[in-house]
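Dear colleague,

I am handing over the structure below, together with some notes on what was found in it. Please read the notes with the sequence and the model open beside them.

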Amino acid sequence: MLSGWRDVTARRPWRISAKLLIISSVVTVIGFSAICVNVMLDMRRGEEALARQMLENLATTIESDISRNIEIYDLSLKAVASNMLLPEIATVSKPIRHLILFDHATTARHFGAIQVFDADGKLTIDASTLDPLAENRSDEDYFKVHRDNPGADLFISRPMLFRGAYSIVLSRRISDTDGGFLGVVAGSIRFSYFHELFERLSLDPEDTITVLKRDRTIMMRRPFDLDVIGKNLAGRQAWKANNLRVGASYSGQGPVDSTPRLYARSGDNGPLFVVAGKPLSSVFALWQREAVRIGAVVLLLALFLLGSAIVLAREIGRRAEAESKLEEMATTDALTGLKNRRKFDHVIDVEWRRAMRAKTPVALLMIDADHFKAYNDTFGHQAGDQVLVGIAICISDSVSRAGDCAARYGGEEFAVLLPNVSVTDAYKVAETIRGKVQGWSDDHTSSTVSCGIASLVPAVGMDWAILVAAADKALYAAKAGGRNQSVVASLPKLSLVA
């Protein structure tokens with residue numbers, strides 16, 4: 001047990017060092033990984049911020065173009081509504097009336113001809129012809145809005161089929177000087193305008209551009225889908241208005257399809273607003289490639305570092321084991337397995353100093369095999385070695401504390417150091433050893449031992465050689481008294497008592 005404890009204490013520093021090496025390597029890997037993860041997350045946030053800024057600029061640019069064209073077209077509607085109140089309109093010829101009403105009207109291939117409807121919804125004037133066909137728009141939403149709301153301003157209808165083309169209708173109320181309803185002036189912006197506008201942009205196939213009214217009705221969308229055009233997002237439970245506030249962005253699944261996108265909304269300057277969307281897979285495509293590359297490099301470095309640490313830890317363990325064996329060989333008696341004289345001198349020096357500081361007793365047993373020389377000469381050296389081994393076993397069985405030290409002092413002489421043990425307890429240990437040797441020898445040989453016992457509390461100026469000399473003197477007394485007995489040294493006069 002004593003030898004095993006010494007082995008553990010000898011190997012423990014090396015084992016701790018190996019563990020510390022592995023732990024430090026793991027901590028280093030975790031630290032570098034955390035730094036790399038933080039850097040990659042910063043890169044991801046940077047990619048998202050860049051894409052968001054691009055989408056915001058795109059949405060703002062499109063919204064500005066649409067608002068400018070609507071504003072220009074609205075000026076034409078205002079001019080027609082205002083000129084309809086001129087007294088001479090009812091008296092002049094149709095060509096002159098067209099010149100008066102539509103002289104400043106905006107004309108473009110994507111803008112429909114301006115039309116004037118009377119209070120009953122009947123078409124009275126058409127900018128595209130002097131003799132318009134009979135039409136009645138009294139059932140249209142834009143007509144009802146202006147008829148029922150005297151304060152209604154520019155009204156933009158939901159997308160509809162207007163005069164043979166999908167369009168959005170822009171209309172204004174014609175009121176007399178007293179605010180009475182005289183009719184509606186209306187025009188249209190065809191979908192071809194939006195198609196041409198979107199085609200001028202450099203967009204990926206999965207990128208989306210959505211034009212919406214303030215009530216969140218989809219006016220136009222790219223990619224174009226008639227099933228989506230005219231739908232109102234307010235009726236979609238999974239989509240909330242707060243997802244896209246004015247000038248804000250949103251990341252996730254949109255209201256139209258299930259593709260996760262980054263969406264950015266334009267400002268709130270015009271009658272319509274624009275939402276630009278880009279798939280998240282496209283936004284983070286470059287970042288994902290960089291993340292995979294950096295992650296692979298970090299993983300390889302981590303594996304290399306951990307592998308090196310494991311190899312070094314194994315080498316440290318092997319070296320510790322080798323040094324432990326060397327230390328054991330250097331401090332252990334090869335025949336008996338007890339500590340040798342050199343190790344004993346080191347242990348007694350350490351324990352002597354400790355006892356001096358703690359003011360505790362130190363006991364020493366000096367044990368010698370009786371009649372060993374005669375036995376050795378009679379039965380041979382091998383039989384003598386067996387006797388010494390048997391005595392060593394009896395000593396080891398009797399000394400069980402971790403701090404005790406049993407050693408072969410020289411030849412057939414043994415020493416047992418018992419720190420913090422009184423002389424009475426030391427005497428009991430000595431008698432136990434002597435009894436075991438005698439019991440063992442009755443069965444195998446006729447060998448016995450004599451024991452000398454000394455115990456004292458070290459004082460300043462004293463050397464442990466005093467303790468050894470006292471125990472040795474007691475041993476000689478046991479020999480002189482007939483052998484096979486234990487004698488205690490009397491201190492400090494060193495007189496011997498049985």
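Which residues does F194 touch, not counting residues up to four places away in sequence? In this model, which is a predicted one, F194 touches I66, I168, I189, V211 and M220. F194 is also listed, along with I66, I168 and V211, among the residues with the most contacts inside the largest nonpolar core, a core that has 54 residues. Helix α1, which covers residues 2–83, gives the most to this core, with 12 residues. As general background, nonpolar side chains in soluble globular proteins tend to be buried together.

V29 lies in helix α1 and counts as buried, because its relative accessibility is 13%, which is under the 20% cut-off. Leaving out residues up to four places away in sequence, V29 touches A302, L305 and L306. Between V29 and D139 there are 73 Å in space, C-alpha to C-alpha, with the two residues 110 apart in sequence. R68 is likewise placed in helix α1, but R68 is partly exposed, with a relative accessible area of 43%. From R68 to S82 the separation is 14 residues in sequence and 21 Å in space, again from C-alpha to C-alpha.

Next comes a pair of packed helices. In general, two packed helices are described by the angle between their axes and the distance between the axes. Helix α8 (residues 372–379) packs with helix α9 (residues 381–398) at an angle of about 140°, and their axes are 6 Å apart. Helices α8 and α9 are therefore oblique to each other, since an angle counts as roughly antiparallel when it is over 145 degrees. On the α8 side the contact is made by F372, Y375, N376 and F379, which meet H381, A383, G384, V387 and L388 in α9. By type, the residues of this contact divide into six nonpolar and three polar, with no charged residue.

Some points of the backbone deserve a careful look. Most residues other than glycine have a negative phi, and most peptide bonds are trans. The bond that joins R222 and P223, however, is a cis peptide bond, with omega at about 5°. P223 lies in the loop between β8 (218–222) and β9 (249–253). K359 has a positive phi, near 55°, although K359 is a residue other than glycine. K359 is found in the loop between α7 (341–358) and β12 (362–369), and at 64% relative accessibility K359 counts as exposed. H371 is not a glycine either, yet its phi is positive, at about 55°. The place of H371 is in the loop between β12 and α8, and with a relative accessible area of 52% H371 is exposed.

What about the cysteines: how many disulfides does the structure hold? The structure holds zero disulfides. A disulfide, in general terms, is a covalent bond between the sulfur atoms of two cysteines. For C405, the closest cysteine sulfur is in C451 and lies 16 Å away, so the two are too far apart for a bond. C405 itself counts as buried, at 1% relative accessibility.

At 5% relative accessibility, S486 counts as buried. The C-alpha atoms of S486 and L306 are separated by 60 Å, and the two residues are 180 apart along the chain. L306 is one of the residues that V29 touches.

With best regards

Key. Residues are numbered from 1 along each chain as its sequence is written. This is a predicted model: local features need pLDDT of at least 70, side-chain atom pairs count only at pLDDT 80 or more; totals for chains, interfaces and linings use all residues. Side-chain values use heavy atoms; hydrogens and water are left out. A nonpolar core is a set of buried Ala, Val, Leu, Ile, Met, Phe, Trp, Tyr and Cys residues joined through side-chain atoms within 4.5 Å. Buried means under 20% relative accessible area, exposed over 50%, partly exposed in between (1.4 Å probe, protein chains only). Helices (H or I, at least four residues) and strands (E, at least two) are DSSP runs, numbered from the N terminus. Contact means heavy atoms within 4.5 Å. A disulfide is a pair of cysteine sulfur atoms within 2.5 Å. Axes are lines fitted to C-alpha atoms, for helices over the stretch in contact, and angles run from 0 to 180 degrees between N-to-C directions. Angles under 35 degrees count as roughly parallel, over 145 as roughly antiparallel, 65 to 115 as roughly perpendicular and the rest as oblique. Ala, Val, Leu, Ile, Met, Phe, Trp, Tyr, Cys and Pro count as nonpolar, Asp, Glu, Lys and Arg as charged, and the others, Gly among them, as polar.
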